[in-house]
Amino acid sequence: MDKKLLTPGPLTTSMSTKEAMLHDWGSRDTKFIDLNASIRDSLVKLIDGEDKYQCVPMQGSGTFAVESMVSSLTQKDSKILILINGAYGQRMKKMCTYLGRDFIEYEVAEHEVHDINKIEELIDSNNLTHVFAVYCETTSGILNPIEDIAKLVEGKNLSLFIDAMSAFGALPLSSKTITFDAVAASSNKCLEGVPGVGFILVKNEVIENAKGNSHSLSLDLYDQWQAMEKNKQWRFTPPTHVLAAFNQAIEEHKEQGGVEGRGKRYKKNCEIICNGMKELGFEQLLPDNLQAPIIITFKHPNDPKFNFEQFYNALSEKDFLIYPGKLTVAETFRIGCIGNLDEQDMMDTIKAVKEVVTELGLTLNLQNNDKRN
Ligand SMILES: Cc1ncc(COP(=O)(O)O)c(C=O)c1O
């Protein structure tokens, strides 16, 4: 039995998704070409984007997809506002710096969301073309108010790009409800595929006008799209097995009630982890109204005996893999609640944490948590 991955990805996948990789696929064969087309169609449908959006898959981890979106869909004279409250906003800033794109940033603390009025002020006082936002900032697990941001950006006639890596497939993102020009995500998060491919959903007119923007051949989204449109094939070697697994995972996503079904399961998982950890005396970083049902950050307990590595290893011995913290402001660790895991897995996780707390002789400060409510 594999260990349970309570992480932001790669995640625990279903047996049938893993089994889909037990074949070899000819990358120029009709069967594979059809499978690839089916993935692209399904992903466009997930944002209700039929006729208006194109899906362009990109090899590599999620960062490759975000970088191909940022580099291929902006121009040398673009001016971008980057909303930052964690590592993934910072990463888009780094991409813009590498690319030499003109940008301004609005950064708030990792446990805070941006002030919409302040965003409006920045838009009004700068000659902007784009706004970049992260949906769920996985650094803390915070849920950014993407609908409010999208409405504002649309009202100002700017182009919104969303890094929806850890939200796509579990949190609402419909082009019928909000307006965005491009969104990037990947196979191995809420869609529960295996890692190795990302994708960008981009408005028709945006991709059609993207020729010549990219500094890089391999990340050129326009070129990737053109080639795929021409003969439905990938320009370069496709990650065939990853795509076969992704196709299966997408089928299972449909069978399990799509975005709504997935979101519901994760919400329940999240509740069990938050309540269980709180009962044990751990302090959650975020208040419930800012907590996305994806990954939860907990502060290291005050007990000087607490050592993350020891805590991690003890949980790993019991077949649960948690995740280190990524905050710059506090010592934390994270527990993910996504992947092919359910209520029982979450209850088992809490039981294992409880046993580890006893085994390590940790004293937890129960009073800490009362301040949050
Ligand atoms: C919001 C967000 N953006 C981008 C990434 C980068 O993805 P990858 O680590 O697959 O390159 C992640 C990864 O967790 C993420 O959560």
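Modeller: A residue is called buried when its relative accessible area is under 20%, exposed when it is over 50%, and partly exposed in between, with a 1.4 Å probe and protein chains only. By that definition, 58% of the 373 residues in the protein chain are buried. This is a predicted model, in which local features need pLDDT of at least 70 and side-chain atom pairs count only at pLDDT 80 or more, while totals for chains, interfaces and linings use all residues. Residues are numbered from 1 along each chain as its sequence is written, and side-chain values use heavy atoms, with hydrogens and water left out.

The protein chain has 13 helices and 14 strands, which are DSSP runs numbered from the N terminus (H or I of at least four residues for helices, E of at least two for strands).

The part to look at is helix α6, residues 146-155, where the buried residues are I146, I149, A150, L152 and V153. Seen down the axis of α6, these buried residues fall within an arc of 165°, taken from the directions from the helix axis to the C-beta atoms, so they line one face of the helix. An α-helix has 3.6 residues a turn, so residues three or four places apart point the same way.

As for its neighbours, the buried residues of α6 pack against β3 (79-84), α5 (116-125), β5 (130-134) and β8 (159-163), where contact means heavy atoms within 4.5 Å. Just after α6, N157 takes a positive phi of about 60°.

Across the protein chain, residues 24 or more positions apart account for 73% of the contacts with a separation of 6 or more.
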